[in-house]
Amino acid sequence: MQHSARAGRRSTVRAARRLAVLVPLVCALGALVSCSKQEEALTTPCGLVIDGSGSAAAAKEGFDSESKLKDTLGGFLTDQKCGTLDFAPVTRSSRSSSCRQDEVDLDPPHDATTDQKTQRANAQRDAAVAALAELKCARTQNGSDVWGALTRIGEAVPTGGPAPKLLVVSDFDQADPEFHLSRQDITTKTARAKVIDSLVDKRGMPGIKGMDVFPVGLGMQYKAKPSEAADFDSFWTEALEGRAKAHVDDKYRG
């Protein structure tokens with residue numbers, strides 16, 4: 001009986017070893033249907049607003065939007081599990097600007113044999129190239145219509161599914177041919193409300209309700225003026241959260 005039990009165990013071990021050799025061969029020769037691990041689907045619609053105004057230049061008085069874009073975009077796309085990325089420029093007339101990039105699919109169609117990690121990394125590189133192209137174009141149309149850019153990105157990102165995530169690389173200094181925020185009184189809540197009223201009356205409300213807005217560079221021009229910085233931050237919080245009903249998240253603000 002003992003001999004029979006040992007023989008049985010040896011037979012089981014030999015069978016397991018044969019199976020261990022056989023499975024990789026099946027995976028290598030077959031369609032890999034049951035052998036290739038599929039990644040979690042990326043379903044979040046994302047948007048990028050990129051500032052091409054003079055204050056976004058890589059100069060002492062600028063906040064260098066290109067550098068901030070390169071520092072934050074990849075992490076944003078990964079952290080927020082972005083499945084698509086749409087674009088909007090900040091120019092003198094953002095909503096009608098000719099600077100346009102096609103939506104990038106960050107989770108392209110695939111089958112069981114696809115190396116999704118490599119495929120997605122390539123898609124993120126495509127997104128980075130498109131973002132830099134959008135910035136290059138925006139720099140030729142100087143101006144800082146942040147409100148119009150928010151309106152445009154709200155129109156571009158897909159809705160009806162998960163809440164869109166918006167990365168806004170800008171100092172948020174609204175300064176287009178018809179409106180300069182720096183010339184407005186935003187020192188009190190009442191004064192700020194009047195300024196927001198004037199923007200909404202003339203330009204309408206950006207369709208970003210329920211979206212998460214991640215600013216990068218907001219208020220950087222006020223680093224040496226804390227009191228003015230506080231009023232500026234309050235203005236945009238009241239405009240974006242209080243009026244447009246979006247949610248502001250400072251995770252990438254820097």
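Ring pairs join W147, F172, F235 and W236 into a cluster, where rings of Phe, Tyr and Trp (its six-membered ring) pair if their centres lie within 6.5 Å. This is a predicted model, in which local features need pLDDT of at least 70, side-chain atom pairs count only at pLDDT 80 or more, and totals for chains, interfaces and linings use all residues. Residues are numbered from 1 along each chain as its sequence is written, and side-chain values use heavy atoms, with hydrogens and water left out.

By the ring rule the count comes to seven aromatic pairs. One of them, F172 with W236, is edge-to-face, at 5.1 Å centre to centre and 70 degrees between the planes; planes under 30 degrees apart count as stacked, over 60 as edge-to-face and the rest as tilted. F172 lies in the loop between strand 4 (165-169) and strand 5 (175-176) and W236 lies in helix 6, so the pair ties together parts that are 64 residues apart in sequence. Both F172 and W236 are buried, a term that means under 20% relative accessible area, with exposed being over 50% and partly exposed in between (1.4 Å probe, protein chains only).

The rings of Y222 and F232 have centres 5.0 Å apart and planes at 50 degrees, so this pair is tilted. Y222 is in the loop between strand 7 (212-216) and helix 6, and F232 is in helix 6, 10 residues apart. Y222 is buried, with a relative accessible area of 13%, and F232 is buried at 0%.

The chain as a whole has six helices and eight strands, taken as DSSP runs (helices H or I, at least four residues; strands E, at least two) and numbered from the N terminus. Along the sequence their pattern is α-β-α-β-β-α-α-β-β-β-α-β-α-β. Of the 254 residues, 42% count as buried. Among contacts between residues at least 6 apart in sequence, 79% join residues at least 24 apart, contact meaning heavy atoms within 4.5 Å.

Nine of its 11 residues are buried, so helix 4 is largely enclosed by the rest of the structure. The buried residues are V146, W147, G148, A149, L150, T151, R152, I153 and G154. Their cover includes strand 1 (44-51), strand 2 (82-90), helix 3 (116-138), strand 4, helix 5 (189-203) and helix 6.

The axes of helix 4 (residues 146-156) and helix 6 (residues 226-243) come within 13 Å and cross at roughly 25 degrees. Axes are lines fitted to C-alpha atoms, for helices over the stretch in contact, and angles run from 0 to 180 degrees between N-to-C directions. Helix 4 and helix 6 are therefore roughly parallel; angles under 35 degrees count as roughly parallel, over 145 as roughly antiparallel, 65 to 115 as roughly perpendicular and the rest as oblique. V146, W147 and L150 of helix 4 and W236, A239 and L240 of helix 6 make the contact. By class, that contact has six nonpolar, no polar and no charged residues. Ala, Val, Leu, Ile, Met, Phe, Trp, Tyr, Cys and Pro count as nonpolar, Asp, Glu, Lys and Arg as charged, and the others, Gly among them, as polar.
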